[in-house]
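Okay, everyone, thanks for coming. Let me put the model up and we'll walk through it together.

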Amino acid sequence: MGGKCPHRKVKKRRFSHKTARRSNFLLKGDDVVYGELLKLAEGAEAKPQPLDEDLPGMGQFHCLHCDRYFANEDVRDEHFRSKRHKKRVKQMTGPAPHTQLDAELAAGMGMPDNGPKLMSA
């Protein structure tokens, strides 16, 4: 009586559709986004986005904090009111996120410290 259902094909559903497409939607790292926000805060003007047919909304509706593109202005404004966006803004206005250099220094892979140089002669 029990057992597996004969019509289920589990092998075909090992990877979700989103997982297979994830490589198409790579987001910038936190440190890169933080650096861009610092440049804007220093006084560099925000350049108008060029038209890009591959991005949603031709690349015109962009959230810099979350590094996401939206189909139209209404969807982007709805995103600005979301909890996820507000958390991201708070994260980006806080201390600088860790970089790869920080991770390498913490692991002991940074520049070697050979001590003070001795005078020869």
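Before I start pointing at things: when I say two residues meet or touch, I'm talking about a contact, meaning heavy atoms within 4.5 Å. And keep in mind that this is a predicted model.

So, confidence. The protein averages a pLDDT of 79, and 74% of the residues score at least 70. If you go element by element, helix α3, residues 73-80, has the highest mean pLDDT at 94, while helix α1, residues 17-21, has the lowest at 63.

Now the helix packing. Look at α2, residues 30-42, against α4, residues 83-93: their axes sit 10 Å apart and the angle is about 75°. That's in the 65 to 115 degree range, so α2 and α4 are roughly perpendicular to each other. Which residues in α2 and α4 meet there? From α2 you've got D30, V33, Y34 and L37, and from α4 it's R88, Q91 and M92. By class, that α2 and α4 contact has four nonpolar residues, two charged and one polar.

Next, the annotation. UniProt, in an unreviewed entry, has "domain: Matrin-type" over residues 61-91. The chain there is 55% helix and 19% strand, with the end C-alpha atoms 21 Å apart.

Last stop, R76, which is in helix α3. Is R76 buried or exposed? Its relative accessible area is 16%, so R76 is buried, given the cut-off of under 20%. Leaving out residues up to four places away in sequence, R76 touches Q60, F61, H62 and F70.

Methods:
Residues are numbered from 1 along each chain as its sequence is written. This is a predicted model: local features need pLDDT of at least 70, side-chain atom pairs count only at pLDDT 80 or more; totals for chains, interfaces and linings use all residues. Side-chain values use heavy atoms; hydrogens and water are left out. UniProt positions are given in the numbering used here, feature names are shortened, and annotations may be inferred rather than shown by experiment. Helices (H or I, at least four residues) and strands (E, at least two) are DSSP runs, numbered from the N terminus. pLDDT is the predictor's confidence in each residue, from 0 to 100. Axes are lines fitted to C-alpha atoms, for helices over the stretch in contact, and angles run from 0 to 180 degrees between N-to-C directions. Angles under 35 degrees count as roughly parallel, over 145 as roughly antiparallel, 65 to 115 as roughly perpendicular and the rest as oblique. Ala, Val, Leu, Ile, Met, Phe, Trp, Tyr, Cys and Pro count as nonpolar, Asp, Glu, Lys and Arg as charged, and the others, Gly among them, as polar. Buried means under 20% relative accessible area, exposed over 50%, partly exposed in between (1.4 Å probe, protein chains only).
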